[in-house]
Amino acid sequence: MSGNYVPLYRKYRPQTLDKLVGQEHIKKTLTSAIELGKIAHAFLFTGPRGTGKTSTARILAKSLNCKNGPTIHPCGECESCRDITNSVPIDVIEIDAASNRKVEDTQSILEKIQYVPVNGRYKIYIIDEVHMLTNHAFNALLKTLEEPPENVIFILATTEVHKVLDTIKSRCQRFDFRRITTDDIVKHLRYISDEEKINISDDALFTIAKNSAGGMRDSISLLDQLSLLGVSKQVTSEDVNAVLGRISFDILNKLSSKIIDAKPNEAIEILNDIYNSGNEPLQILTNLSEYFKNLLIVKNCRKELLCELTGLNEPQIEELSKQKELLETHQIVFLLERITYYIKEVKMASNQHLWLEVGMIDLANMTENTT
Ligand SMILES: [Zn+2]
């Protein structure tokens with residue numbers, strides 16, 4: 001890595017609205033607002049982390065202040081555009097409420113709002129995690145929103161919109177960011193991998209996307225972390241699992257078979273292999289519970305939904321489909337309840353390995369007792 005290494009998520013941060021992944025409804029509304037010149041004084045961006053709120057806020061700021069603007073195609077070259085890309089803008093002030101909570105800080109910032117923009121058309125305040133502001137800071141913000149100075153625009157972003165005062169919400173144009181679909185994330189990761197010449201399988205990208213629960217930033221960061229492995233060989237979903245501290249599907253499949261077949265001796269053998277290769281008892285039980293949860297889904301849900309719901313690929317779903325014939329739904333639920341019980345026990349135990357083995361013997365005798 002050279003000294004000026006740029007993290008992938010920053011390198012591939014979208015710079016125009018049309019490059020934003022997903023969020024079609026938001027792109028459409030913002031595009032017409034910019035084109036028609038109907039710009040609100042305050043925006044509220046809500047939604048889960050990594051869904052594009054901060055990126056969109058910066059793109060919007062750029063679109064409004066570009067010397068060719070307001071435009072949906074900011075040039076990326078004028079002083080204002082370059083400053084925003086390089087995170088040193090004069091007329092765009094970013095406040096992270098999560099780290100800047102002191103009332104006086106926010107108040108002093110809000111006092112400066114009266115100043116006119118230096119270079120740009122607008123003075124733009126981006127307040128991230130706005131729900132973290134103290135009540136005093138909220139009130140200071142509210143006062144400003146009630147009579148917004150000319151040429152000042154607020155973009156408020158939050159992951160927890162229910163914690164934002166109604167009086168603030170009612171003064172903002174609100175945009176709800178949705179989780180990005182697994183497909184959209186995989187496509188974007190494939191694009192980045194090809195650009196960066198990262199040798200990685202589709203399965204691995206799918207596993208990454210699935211793990212990030214609709215968040216693009218976490219997905220790209222994980223890809224970044226895995227990219228070094230991709231120099232000498234193809235990165236597989238096994239590699240992704242290893243980095244995430246997850247036990248591979250195949251091993252869990254073997255272990256679960258012994259539980260279902262009521263073979264405690266063989267279950268213990270596999271269990272100890274897993275344990276000796278460095279997995280913690282809690283991690284093993286959590287992974288096993290995830291496995292049986294997926295089995296429950298395969299037993300009860302429509303076929304076309306299974307990949308999306310479980311995060312598994314077709315051959316893995318095939319394996320679970322064989323196992324689902326061996327158990328009734330109430331037996332799977334019972335196994336899940338017992339695993340949850342042992343997770344609690346292991347958390348409190350001083351000898352975790354002992355409880356792990358006790359739990360395994362119990363589980364491997366379960367199906368005989370519950371038929
Ligand atoms: Zn520009």
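A residue is called buried when its relative accessible area is under 20%, exposed when it is over 50%, and partly exposed in between, using a 1.4 Å probe and protein chains only. At 45% relative accessibility, Ala-213 therefore counts as partly exposed.

## Basis of the report

This is a predicted model, in which local features need pLDDT of at least 70 and side-chain atom pairs count only at pLDDT 80 or more, while totals for chains, interfaces and linings use all residues. Residues are numbered from 1 along each chain as its sequence is written, and side-chain values use heavy atoms, with hydrogens and water left out.

## The chain as a whole

The protein chain has 18 helices and 5 strands. Helices (H or I, at least four residues) and strands (E, at least two) are DSSP runs, numbered from the N terminus. Along its principal axes, the C-alpha trace spans about 75 × 45 × 40 Å.

Of the 371 residues in the protein chain, 49% are buried. Contact here means heavy atoms within 4.5 Å. Among the contacts in the chain with a separation of 6 or more, 75% are between residues 24 or more positions apart.

## The zinc site

Four cysteines coordinate the zinc ion through their SG atoms: Cys-66, Cys-75, Cys-78 and Cys-81, at 2.3 to 2.4 Å. Donors are N, O and S atoms within 2.8 Å of the metal (3.2 Å for Na, K and Ca); water is not among the atoms, so sites may look incomplete. In sequence, the donor residues follow the spacing C-x8-C-x2-C-x2-C.

The angles among the 4 donor atoms run from 101 to 119°, and the site is tetrahedral. For four donors, that term requires all angles to lie between 85 and 135 degrees. Cys-75 is partly exposed because its relative accessibility is 26%, whereas Cys-78 is buried, at 7%.

Helix α17 covers residues 329-348, 20 residues in total, and reaches 29 Å from its first C-alpha to its last, close to the expected 28 Å. The expected span of a helix is 1.5 Å times one less than its number of residues. The buried residues of α17 are Gln-331, Ile-332, Leu-335, Leu-336, Ile-339, Tyr-342, Ile-343, Glu-345 and Val-346.

Helix α6 has 12 residues, and its reach of 16 Å from first C-alpha to last is close to the 16 Å expected. Its buried residues are Ala-137, Phe-138, Ala-140, Leu-141, Leu-142, Thr-144 and Leu-145. Asn-135 is also found in α6, but this residue is exposed because its relative accessible area is 56%. The C-alpha atom of Asn-135 is separated by 44 Å from that of Cys-307, 172 residues apart along the chain.

## Packing of α8 and α10

Helix α8 (residues 182-196) packs with helix α10 (residues 216-227) at an angle of about 35°, and their axes are 11 Å apart. The contact is made by Asp-184, Ile-185, His-188, Leu-189, Ile-192 and Ser-193 of α8 together with Met-216, Ser-219, Ile-220 and Leu-223 of α10. Axes are lines fitted to C-alpha atoms, for helices over the stretch in contact, and angles run from 0 to 180 degrees between N-to-C directions.

The crossing of α8 and α10 is right-handed. A crossing is right-handed if the near helix is turned clockwise from the far one, and left-handed if it is turned anticlockwise by less than a right angle.

## Loop residues

Most residues other than glycine have a negative phi. Glu-129 has a positive phi, near 50°, and is found in the loop between β3 (123-128) and α6 (135-146). With a relative accessible area of 21%, Glu-129 is partly exposed.

Lys-197 is not a glycine either, and has a positive phi of about 55°. Its place is the loop between α8 and α9 (202-211), and it counts as exposed because its relative accessibility is 71%. Ala-213 lies in the loop between α9 and α10.

## Two buried asparagines

Asn-253 lies in helix α12 (residues 249-260) and is buried because its relative accessibility is 13%. Not counting residues up to four places away in sequence, Asn-253 touches Tyr-291, Glu-319 and Gln-323.

Asn-241 is in helix α11 (residues 237-244). At a relative accessible area of 9%, Asn-241 is buried. With the same exclusion of residues up to four places away, Asn-241 touches Thr-207, Arg-246 and Ser-248.

Methods
Tetrahedral: all angles 85-135°; square planar, octahedral: opposite > 155°, others 65-115°.
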